[in-house]
Amino acid sequence: MKKNDPDHVEALARGLSVLKAFSTQDRPLSVSDVAELVGITRTAARRFILTLEYLGYLSYDSSGYSLRPAVLEIGDAYLLSHNLLAVAHPHLASLVQQVGETASLTVLHQGRVIYIDRVHADRVLTVNIIIGTSLPAYATATGRVLLSGLTDETLDEYLEALVPESLTGNTAIDREEIRKRITAARGHGWSLADQELAEGLRSIAVPVRDAGGGIIAALNVSAHATRVSAESLPDTILPRLLTAAAAIEKDLAADG
């Protein structure tokens with residue numbers, strides 16, 4: 001649906017944009033903050049904020065407005081409504097036991113990866129990622145795996161609209177180089193990111209496919225660069241990742 005579609009409800013879209021603005025910040029926000037982040041007037045921002053406060057999604061103190069636990073109901077509804085999570089979680093837990101590193105399950109949404117499940121190993125990583133975390137797809141192994149499942153036309157549209165940022169010295173910001181890495185993920189059936197999202201973080205990912213062969217999620221293992229080399233990941237972690245993904249696909253087919 002496009003913005004000028006007659007079925008598009010602009011007020012609802014803006015209200016959700018206001019709610020989403022809070023998820024991008026780690027501090028309370030003022031009305032002016034929200035207006036600037038969303039690109040609306042202060043008057044409109046105040047009306048949306050007060051409505052969300054009335055509904056229990058926001059609260060106010062002397063520091064500003066903050067999210068309330070009620071927003072978790074929205075996320076929980078998604079998590080409970082998809083059998084992918086129930087099917088995949090035991091395999092993530094088993095994978096972590098096997099490799100001793102953190103494993104995650106992600107999906108693609110509007111050019112970003114969303115973490116929908118994560119099982120932590122008892123080891124320190126350089127980034128704090130939790131369920132619901134959203135990261136730029138072009139800079140992650142799971143993102144490139146998910147992007148590799150797009151049609152050529154949709155991938156072209158993604159790259160044309162992309163404004164990449166250099167997150168580390170290893171982050172690819174040239175669109176053709178990003179395309180090259182996505183194409184490599186499509187051809188190999190996996191992708192490796194070596195300190196592209198954060199210094200010290202290496203990750204390798206594989207797709208999870210539905211019965212028709214479409215990529216519906218990506219499964220990855222992340223490790224600190226001091227513990228694993230980029231060269232070792234395809235030999236040590238990739239085979240177990242592929243086995244776990246295949247097991248998830250098999251259970252999804254049986255469950256469906």
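**Reading the sheet**

Modeller: Gladly! Keep in mind that this is a predicted model. Let's start with a hairpin: β6 and β7 have six residues between them, and there Q195 takes a positive phi near 55 degrees.

Colleague: How many bridges join β6 to β7, and how do the two strands run?

Modeller: Four bridges link β6 to β7 (residues 201-209), and the two run antiparallel.

Colleague: Where do the side chains of β6 point?

Modeller: They alternate along residues 191-194.

Colleague: In what order do the strands of the open sheet come?

Modeller: The six strands are ordered β5-β4-β3-β8-β7-β6, with antiparallel pairing. β5 (134-136) and β6 stand at the edges with a single partner strand each, so one side of each has no neighbour in the sheet. From one strand to the next, the twist averages 30 degrees.

Colleague: Which bridge partner does L105 have in β8?

Modeller: That is L219. Five bridges in total join β3 (residues 102-109) to β8 (residues 215-224), again an antiparallel pair.

Colleague: Which strands does helix α5 touch?

Modeller: Helix α5 (residues 83-99) packs on the sheet and touches β3, β4 (112-119) and β8, with its direction at about 65 degrees to that of β4. Another helix to find is α10 (residues 238-255), which lies across β7 and β8 and runs at about 30 degrees to β7.

Methods
Residues numbered from 1 in each chain as written. Predicted model: local features only at pLDDT ≥ 70, side-chain atom pairs only at ≥ 80, totals over all residues. Heavy atoms only, no water. Buried < 20%, exposed > 50% of the residue type's maximum accessible area, 1.4 Å probe, protein only. Pairing = 2+ DSSP bridges. Axes fitted to C-alpha atoms, helices over the stretch in contact; angles between N-to-C directions. Contact = heavy atoms within 4.5 Å.
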